[in-house]
Amino acid sequence: LPVPIAVFFLLYKERMVPCFHSSSHPLLSADELAMETRPTEKDDLSTAVQRPPAAGGHDDLFSCCQSKNFRGASYTYFAVHITGALVLFMTDGIVGEYSGFIYSYAVEEPLSVVHKVAGYQKWAVSLPSLFWGFITLGRLISIPVSYRMKPATMVFINVVGVLITFLLLLIFSYSVVFLFVGTASLGLFLSSTFPSMLAYTEDILQYKGCATTVLVTGAGIGEMVLQLLVGSIIHEQGSYSFLVCGMVFGGLAFTFYAFLLFFHRMYPKPSSDMDDASPDKPAVMDDTGQYQR
């Protein structure tokens, strides 16, 4: 609670919350903001041209959602946003529900790790740590891999890997050893899905802000909602449904990614005319020094 309260207070001080206007001055005045964003004499002209206006996007918390920013956008523009967010909704949801319920699955039927071998109990406790550890390892590995592999290919490998891992976990559902192997494998495949998806959609849309908001929001909601959903299903149907839910979510993530590839093919390639009308095109400065869209 202290974190959202502090963020809300900061937005309130900066006069970025609609319907709530602070009587005090913002933390950074307009003059100070202009001085910080004003190009120096040593700056390149190209740098000054690429730099957006100082007050752009600072007036309203929901300025990126204004209809004027989407005039002239094709339906594939919105489809890419939605399908990308749905992929992250599923994959980040899997991260949340798997880390939250893997121990409960391990100690209950059909595995009953604690009752089979007493020595496995301490290992069962470490399953969530194993999962997060391999997520960290996978993100470190993905850094050099991303230099040689396109983001679209990385997302495809990750989504297919998640689907295959859940399928094998269902087939070998009575194997304690494969549970640990599958947990590590799942952590590796899920690790770089989020950054790779951000990079992939950035390549498609050439965006500057709002697409990030859509994708991050979709991922956050998925991590919250799927945990609640899976917890309810496990309570009603038993722990075996834990893997079934993961398989379903993995299949949906693959389906949404296939739709994303389809809409990517239909999305118009950027050109000079399209760039001028694109809702994601940053503001540029003409010869008179005025910013244009």
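Me: What makes residues 212–234 a helical span?
Reply: In this predicted model, the span is 100% helix and 0% strand, with its end C-alpha atoms 33 Å apart.

Me: Why is Y98 called buried?
Reply: Buried means under 20% relative accessible area, exposed over 50%, and partly exposed in between (1.4 Å probe, protein chains only). Y98 has 0% relative accessibility, so Y98 counts as buried.

Me: Why is F172 called partly exposed?
Reply: Its relative accessible area is 42%, so F172 is partly exposed. F172 is found in the loop between α8 and α9.

Me: What makes Y98 and F131 a tilted pair?
Reply: Rings of Phe, Tyr and Trp (its six-membered ring) pair if their centres lie within 6.5 Å; planes under 30 degrees apart are stacked, over 60 edge-to-face, the rest tilted. Y98 and F131 stand 5.1 Å centre to centre with 40 degrees between the planes, hence tilted. Y98 lies in helix α4 and F131 in helix α7, so the pair ties together parts 33 residues apart in sequence.

Me: Why is the pair of Y98 and F166 called edge-to-face?
Reply: The centres are 6.1 Å apart and the planes 75 degrees, which is edge-to-face.

Local features require pLDDT of at least 70 and side-chain atom pairs 80 or more, while totals for chains, interfaces and linings use all residues. Residues are numbered from 1 along each chain as its sequence is written, and side-chain values use heavy atoms, without hydrogens and water.

How values were computed:
Helix = DSSP H or I, 4+ residues; strand = E, 2+ residues; numbered from the N terminus.
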